[in-house]
Amino acid sequence: MTPILYFSRNPNPRLAVATARHLAAPVRCEFAAPLAPGQADKFRPLNPSLRLPILVEVDGRSLWEADAIACRLSQMTGSDFWRTGAELPDMIRWVSWSRDNFMHACDMVHFERGTKQRYRLGELDEALVARGLARFHETAAILDAHLRRHDWLLASGLSYADFRMAVFLPFNDVAALPLADYPAVAAWHERLQALPAWADPFEGLDAPELPPLLL
Ligand SMILES: N[C@@H](CCC(=O)N[C@@H](CS)C(=O)NCC(=O)O)C(=O)O
């Protein structure tokens with residue numbers, strides 16, 4: 001028996017699959033669509049919010065939230081990708097900051113230009129895009145200042161905090177965030193893209209493409 005990591009190609013499940021593959025974690029990645037008709041009965045006991053990623057352990061216990069799953073995958077593989085020692089507070093600082101700041105700003109814009117258009121969730125709201133872009137500029141400036149002095153968020157090197165912070169950047173063909181205005185952020189994302197698990201976490205997996213954008 002092998003733990004199962006349920007995923008789709010959307011940002012948070014992509015993050016979990018990238019983490020699993022970066023760590024060579026002993027999990028089987030299985031495509032899922034808990035919000036699709038007829039799927040709720042199977043997935044509600046695994047995650048009551050019907051969102052991905054979900055990790056189901058061999059004893060049947062399930063864990064949801066990409067951050068919690070990344071922590072578990074690091075435990076499973078004995079990796080310090082999720083730090084356990086002196087740098088743990090610093091890692092949590094960046095994970096936490098990203099959720100309310102840089103990642104949140106990216107999410108606001110990506111939701112309008114990407115998710116809403118893929119899943120027919122309503123018309124693009126330019127006022128929300130403008131608010132997201134304003135937040136992006138505020139927070140990218142802070143991130144850029146840090147990354148001008150460091151290759152990765154933590155002093156000792158790559159960690160899960162980098163993956164979490166960058167979760168929406170592989171979707172920038174759609175979100176069109178002005179990354180080039182922040183050269184250190186752009187260079188940091190280039191470094192991430194050089195990691196095969198980040199560049200193409202779905203390689204070899206059976207995973208339908210995301211629905212096309214509404215034109
Ligand atoms: N806070 C959750 C967010 C989970 C979430 O919103 N997942 C979205 C994708 S980003 C989802 O399940 N969408 C439906 C799907 O992909 O089928 C996490 O970090 O894992």
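Modeller: This is a predicted model.

Biologist: Which residues surround the ligand?
Modeller: The ligand is surrounded by Ser8, Asn10, Pro11, Asn12, Pro13, Ala33, Leu35, Arg51, Leu52, Pro53, Glu65 and Ala66.

Biologist: And how do the residues of that shell divide into nonpolar, polar and charged?
Modeller: Seven residues of the shell are nonpolar, three are polar and two are charged.

Biologist: Pro53 is in that list. Where is its place in the chain?
Modeller: Pro53 sits in the loop between α2 (40–43) and β3. The peptide bond that joins Leu52 to Pro53 is cis, with omega at about 5°. Both Leu52 and Pro53 belong to the residues around the ligand.

Biologist: Let us turn to the sheet. What is the order of its strands?
Modeller: The order is β2-β1-β3-β4, in an open sheet of four strands with mixed pairing. The edges are formed by β2 and β4 (62–64), each of which pairs on one side only. From one strand to the next, the twist averages 25°.

Biologist: Do β1 and β2 run parallel or antiparallel?
Modeller: They run parallel: β1 (residues 4–7) and β2 (residues 28–31) are joined by four bridges.

Biologist: What about β1 and β3, parallel or antiparallel?
Modeller: β1 and β3 (residues 54–56) are antiparallel, with three bridges between them.

Biologist: Which residue in β2 is the bridge partner of Tyr6?
Modeller: The partner of Tyr6 in β2 is Glu30. In β3, Tyr6 stands opposite Ile54.

Biologist: And Ile4, which residue does it stand opposite in β2?
Modeller: In β2, Ile4 stands opposite Arg28. The bridge partner of Ile4 in β3 is Val56.

Biologist: Back to α1 for a moment. Which strands does it lie across?
Modeller: α1 lies across β1 and β2, and it runs at about 145° to β1.

Biologist: Now the whole chain. Which domains does the assignment give?
Modeller: The domain assignment of the protein chain gives domain 1, residues 4–82, and domain 2, residues 88–198. Their C-alpha centres are 21 Å apart.

Biologist: How many residues does the contact take from each domain?
Modeller: The contact takes 12 residues from domain 1 and 12 residues from domain 2.

Biologist: Which helices supply the side of domain 1 that touches domain 2?
Modeller: α1 and α3 (66–77) each supply at least two residues of that side. α1 gives the most, with eight residues. The residues on this side of domain 1 divide into six nonpolar, three polar and three charged.

Biologist: One last topic, the backbone. Which residue has a positive phi although it is not a glycine?
Modeller: That residue is Arg120, with a phi of about 55°. Arg120 is located in the loop between α5 (102–118) and α6 (126–147).

Key. Residues are numbered from 1 along each chain as its sequence is written. This is a predicted model: local features need pLDDT of at least 70, side-chain atom pairs count only at pLDDT 80 or more; totals for chains, interfaces and linings use all residues. A residue is near a molecule or strand if its C-beta atom, placed from the backbone, lies within 6 Å of it. Ala, Val, Leu, Ile, Met, Phe, Trp, Tyr, Cys and Pro count as nonpolar, Asp, Glu, Lys and Arg as charged, and the others, Gly among them, as polar. Domain bounds come from an automatic or database domain assignment. Two residues are in contact if their C-beta atoms, placed from the backbone, lie within 7 Å. Two strands pair if DSSP finds at least two bridges between them. Axes are lines fitted to C-alpha atoms, for helices over the stretch in contact, and angles run from 0 to 180 degrees between N-to-C directions.
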